[in-house]
Amino acid sequence: MTRIPTKQEVLDWISANPTLTSKRDIAKAFGIKGADRIDLKRILKELEAEGHLEKRKRSYRDPDRLPPVSVLQVKAPNADGDLFARPLEWHGEGVEPIVLIIARASDPALGEGDRILARLTVVHEEDHNYEARLIRRIGTNPRKIVGIFRKGAEGGRIVPIDKAGSTEWLVAEGAALSARDGELVEAEQAGPKNRMGLPRARIVERLGDPTAPKAVSLIAIHQHGIPDDFPDKVIAEADKAKPVGLKGREDLRDMPLLTIDPSDARDHDDACYAHADDDPKNPGGHVIWVAIADVAAYVRPGTALDGEARKRGNSSYFPDRVVPMLPDRLSGDLCSLHEGVPRACIAVRMQIDADGNKIGHRFVRGLMRSAASLNYAEVQEAIDGHPNDRTGPLLEPVLKPLYAAYTALKKARADRQPLELDLPERKIVLNDKGEVESVAFRERLDAHRLIEEFMILANVAAAETLIAKRSPLLFRVHEEPAPEKLESLRETAQAAGLNLAKGQVLQTRHLNALLNAAAGTEDAELINLSTLRSMAQAYYSPENFGHFGLALRNYAHFTSPIRRYADLIVHRALISAHGWGKDGLTEDEIARLEETATHISDTERRSMMAERDTTDRYLAAYLSERVGNEFTGRISGIARFGAFVKMDETGADGLVPVRSLGREFFHFDREAGTLMGSDSGLIIAIGQRVTVRLTEATPVTGGLELELLSIDDQALPRGRGPAKRSTRRKAASTKRKKDKIKRKVERKRRQR
């Protein structure tokens, strides 16, 4: 048996090897293999619980510190020319640490977007927490600029459209691509970045009128570098694809599988069917079938289609368009489970008992034919006693058995207690011109929950099957919250008169108890938001660390290979594990699983940011006609430069600049996450109810500026403030000048 290191030996190793701190690295360092890894995991968990270590995805490090050697992404220089960087290894709660790059004469010139490996030193300065010294540059992100072109005498300038953008770019006359003044353009950096003066760029594409409604999502697509045009070779491969036949597949065409999607769904990649289990050993049980489009049959490893799908990572959805992972020939046709059309699928038959517990499952590669393509609303209306011509004939034989199986699954869900956040999702409704017509809440029907539970069960089945067959795969991982995030949530709960107990292994049921205690109170939204913020971000990994939010030990994405590359990997793994054909997971793909997991986790976050930015711009356009109106909301964030407010009516986030907060200086407390008035003692903190006035709405950037009118129904106090202090400073300056003149006169008098 391998000797297991002591806790101190583990801590010493992590301290001496700050870049080799994953569980795998530690196990390798001490020669720990096989079942002995369980003891290592126990030691690491104990060190976590004791506060000596903090887990960051799959690595461990000292809490509340960035690693001494970190990967950084260089930001644009500030107004003083100082170069700061974003720490890519920061996953903590609260304000991100500020890192100042200390350049040496021998260092190469660094520009915005550069990724560097740097050695960090902790400092306690007013404007930064770390100082970084370059070790080496490890790559440069493609530098794209999306902005408004302003024509000048010799070319012009590009004014950035992002809210944080402050640097303008010079465009030479021959690099303007005939762009017109005021036009939205995409450009790229032209030559190395100058240390002095504005950087130079050349326009590579003219995107048209920036105020046009349909330019909103286009701006985000270009700004975040989401590929929106398929190369000719990819389109050609897709166009050559032919429907897959029955050969080598199980015939499911007579099974009444249904697709149930939003009314505006752009694709149909999952179908389901359920019936009472006739096995006498499972009284009151159900059989659930979930069939998923067999994308792997069309997108083979090593093809141009596969390369482009992996590059995109996922589809991106916007209010007015979708940027698909696959060309429409596949996503909208051959891999979409259209009603009445034979379609290739991979299906799973799952057997559950009367209490909703899965007691068995098996996967098949089949050919199905959807009995109907329904939407959530009409399915729910049928169950509620108002069937239409489409759902009426399906109500008794198909829809009611689906809901009976769902009723059983709800029992198992109640026992499992996944995290039950109550954060209504807002939906932007556009008119025919692409303009915002309204901002509404998305309905959450039992029909939505039914499909959600069926898909979760199928994802669990996929993970369990591949684990049992010892097949490599990509898990969907959601780790437990970090200790400092939990402590922040605990403090928020206590401030609201609620409790989140300490001294226990955190489970989702503990968080649900807190959420239930807050339900129906004025602090409900705050507690839900704070709980959401305490959560780690989900990601993909070839290693299984469980899914905390769903309270599941084994979880993988299987159900959406049309729009997620991770699901395509899982499909290929199932094909290889079952010996269904030569289109399964290849050795090359297995070798690249870690790299693929990181890449598609990044593309997922890229899409989320682009979708969020698009929503911000649509909301700013919607509210631009209501400048001057008053709104209620809640403080949702605090920064040195002001407070963020989430408005109740639309869910839009606006900024109250610190310069507008009365006539006094406000001190920013990074640790407490507050702003405090120097004269009045007023404290502005997350969660406070406020009334604000909309003073500015900029649709091109998505920026909203607000004026704070009241906090917790109390009018904003007026401090002595900068105006009086500036008067005092001016008077003091005048007095010094007068005294200086008097002294000069006195010296001359003495000299005489």
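**Close-up views of the predicted model**

The structure, a predicted model, holds three aromatic pairs.

**View 1. The aromatic pair of Phe 363 and Phe 558 is edge-to-face.** The ring centres of Phe 363 and Phe 558 are 5.4 Å apart, with 85° between the planes. The pair links distant parts of the chain, as the two residues are 195 residues apart. Phe 363 belongs to strand 20 (residues 358-369), while Phe 558 sits in the loop between strand 25 (539-541) and helix 14 (565-578). Both Phe 363 and Phe 558 are buried.

**View 2. Tyr 403 and Tyr 406 form an edge-to-face pair.** The ring centres lie 6.5 Å apart and the planes are at 90°, so the pair counts as edge-to-face. Both tyrosines are in helix 9 (residues 395-416), three residues apart, or about one turn of the helix. Tyr 403 is buried, its relative accessible area being 10%. Tyr 406 is buried as well, with a relative accessible area of 4%.

**View 3. Trp 289 in strand 16 (residues 286-293).** Trp 289 has a relative accessibility of 6% and therefore counts as buried, the cut-off being under 20%. Beyond its neighbours within four places in sequence, Trp 289 is in contact with Glu 250, Leu 252, Met 255 and Leu 257, with Ala 271, Cys 272 and Tyr 273, with Ala 347, Val 348 and Arg 349, and with Arg 362 and Val 364. Tyr 273 is 16 residues from Trp 289 along the chain, and their C-alpha atoms are separated by 5.1 Å.

**View 4. Five strands form a closed barrel in the order 8-9-10-12-11.** The pairing in this barrel is mixed. On average, neighbouring strands of the sheet are turned by 50° against each other, direction ignored. Strand 10 (residues 169-171) and strand 12 (residues 200-208) run parallel and are joined by two bridges. Val 171 has Ala 201 in strand 12 as its bridge partner. Helix 4 (residues 215-223) lies across strand 8 (144-152), strand 11 (184-189) and strand 12, at about 115° to strand 8.

**View 5. Contact of helix 11 (residues 483-495) with helix 13 (residues 524-534).** The two helix axes come within 9 Å and cross at roughly 170°. Helix 11 is therefore roughly antiparallel to helix 13, as the angle is over 145 degrees. Lys 485, Leu 489, Thr 492 and Ala 493 of helix 11 meet Leu 526, Ile 527, Ser 530, Thr 531, Arg 533 and Ser 534 of helix 13. By class, this contact has four nonpolar, four polar and two charged residues.

Terms used:
Residues are numbered from 1 along each chain as its sequence is written. This is a predicted model: local features need pLDDT of at least 70, side-chain atom pairs count only at pLDDT 80 or more; totals for chains, interfaces and linings use all residues. Side-chain values use heavy atoms; hydrogens and water are left out. Helices (H or I, at least four residues) and strands (E, at least two) are DSSP runs, numbered from the N terminus. Buried means under 20% relative accessible area, exposed over 50%, partly exposed in between (1.4 Å probe, protein chains only). Contact means heavy atoms within 4.5 Å. Two strands pair if DSSP finds at least two bridges between them. Axes are lines fitted to C-alpha atoms, for helices over the stretch in contact, and angles run from 0 to 180 degrees between N-to-C directions. Angles under 35 degrees count as roughly parallel, over 145 as roughly antiparallel, 65 to 115 as roughly perpendicular and the rest as oblique. Ala, Val, Leu, Ile, Met, Phe, Trp, Tyr, Cys and Pro count as nonpolar, Asp, Glu, Lys and Arg as charged, and the others, Gly among them, as polar. Rings of Phe, Tyr and Trp (its six-membered ring) pair if their centres lie within 6.5 Å; planes under 30 degrees apart count as stacked, over 60 as edge-to-face and the rest as tilted.
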